[in-house]
Each structure stands twice: as structure tokens, then as C-alpha cells.
Amino acid sequence: CLDDAGYPVRVDPTVGYTTIGATGSNLATDTVRISRSDTPSENGTLDSISFYLAPNGTFTYKIRGVLYVNSTLALVGNAGTEKTATVNSGENQWVVMTMPSNSFSGGTAYALGVWIGTAGGWTSARYDADSRTLARDDLIYASTGNPNDPFVVDSSLTNRNYSIYATYTAS
């Protein structure tokens with residue numbers, strides 16, 4: 001209750017794009033996708049990564065959050081805990097993936113991302129056009145362990161700001 005809270009009250013800050021994009025885009029399975037770049041305003045530890053899925057069919061998704069340093073493409077800490085569910089076309093949703101408490105620095109640009117492994121085909125995500133780039137690393141999905149470090153850019157799409165953001169605890 002806010003009446004009993006100590007002031008000032010702090011809400012967990014976010015970094016990334018919290019808006020649901022207007023345009024859909026298919027994302028292949030067995031890939032790591034990162035949206036480059038977002039800069040937190042303060043130091044902190046990562047709590048979760050949220051990614052907006054807009055399925056265009058029934059499928060079971062398996063997905064894990066990842067965080068990379070934008071300039072070097074070095075993996076920050078470890079990939080997040082696997083999130084899995086079966087969804088149907090039209091069941092658009094924010095998928096919230098728990099992350100280890102990876103530390104990051106305010107003022108440093110990061111790439112927020114997901115490691116995608118689905119059964120039954122492609123998944124669709126949402127984005128709006130702007131100056132960001134979506135990079136892709138073709139990598140067989142694994143429910144444990146980490147993706148490539150550093151990230152390997154196999155392809156990229158420019159002018160795409162994907163609906164993905166991180167929630168963190170400020171230091």
C-alpha cells in the first residue's frame with residue numbers, strides 16, 4: 001500500500017521499447033534475435049525481459065531472454081530461464097522471461113534479445129519503424145546453457161524497433 005510506503009517510492013525501471021508495435025514480422029526458430037540498442041539511465045541488475053508475441057497459428061513456443069553489450073556483442077552474464085507455452089493465433093501477449101541478476105551500467109548501450117525455439121513453425125513479433133536494427137544469429141535452441149558469446153551476426157534488418165524491454169532493479 002502506498003500509504004505505508006517509504007518515500008520516495010521507486011517503481012522498477014525499464015529499458016527498451018514497451019509499446020506494442022503496429023507491424024508484424026515472422027521470426028524463424030533456432031535463432032537468437034537482438035534489438036540494438038538501448039541505454040539504461042542508471043546502473044542496475046536485470047530482473048526480466050519482456051517480448052511481445054503475436055502468433056499467426058497454433059504453436060508451442062520455447063524462448064529465453066538474453067542481454068548483450070551493443071558495442072562488442074559480448075553476452076552479459078547468462079541467458080534467462082526458459083519460458084514455454086502453447087498459444088493460438090490471436091492470443092497476442094507479452095512473454096515475460098525471468099533473468100539472472102546480470103549487472104549492467106547506466107550509460108552503456110545494450111542489445112535486448114530472445115533465443116527462440118518453437119515447435120511447429122515461425123512465431124510473429126511486433127515492431128515499429130525507427131533507427132534500430134534487429135540482428136539474427138542462427139543457433140540451435142537449447143533450454144540450458146548460453147548462446148554464442150560474442151553474438152554472431154548472420155543477418156540483420158534495419159529500421160525495426162521490436163516490442164522488447166527489460167525490467168531491472170536500480171543500484
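The chain exposes about 7,800 Å² of accessible surface, 46% of it on carbon and sulfur atoms (Shrake-Rupley method, 1.4 Å probe; for residues, only the protein chains shown count as cover). This is a predicted model, so local features need pLDDT of at least 70 and side-chain atom pairs 80 or more, while totals for chains, interfaces and linings use all residues. Residues are numbered from 1 along each chain as its sequence is written, and side-chain values use heavy atoms, with hydrogens and water left out.

As for the fold, the chain has 14 strands and zero helices (DSSP runs numbered from the N terminus: E, at least two residues, for strands; H or I, at least four, for helices). The radius of gyration is 16 Å, close to the 16 Å that the globule rule gives for 171 residues, so the chain is as compact as a globular protein of that length (C-alpha atoms; 2.2 Å times the number of residues to the power 0.38). Buried residues make up 44% of the 171 (buried means under 20% relative accessible area, with a 1.4 Å probe and protein chains only).

On to the rings: there are seven aromatic pairs (Phe, Tyr or six-membered Trp rings with centres within 6.5 Å; planes over 60 degrees apart count as edge-to-face). Phe-104 and Tyr-110 sit 5.7 Å apart, centre to centre, with planes at 65 degrees, so they pair edge-to-face. Phe-104 is buried at 6% relative accessible area, and Tyr-110 at 7%. Phe-104 also pairs edge-to-face with Tyr-168, at 4.9 Å and 80 degrees. Since Phe-104 lies in strand 8 and Tyr-168 in strand 14, this pair ties together parts 64 residues apart in sequence.

Definitions and conventions. Buried means under 20% relative accessible area, exposed over 50%, partly exposed in between (1.4 Å probe, protein chains only). Rings of Phe, Tyr and Trp (its six-membered ring) pair if their centres lie within 6.5 Å; planes under 30 degrees apart count as stacked, over 60 as edge-to-face and the rest as tilted.
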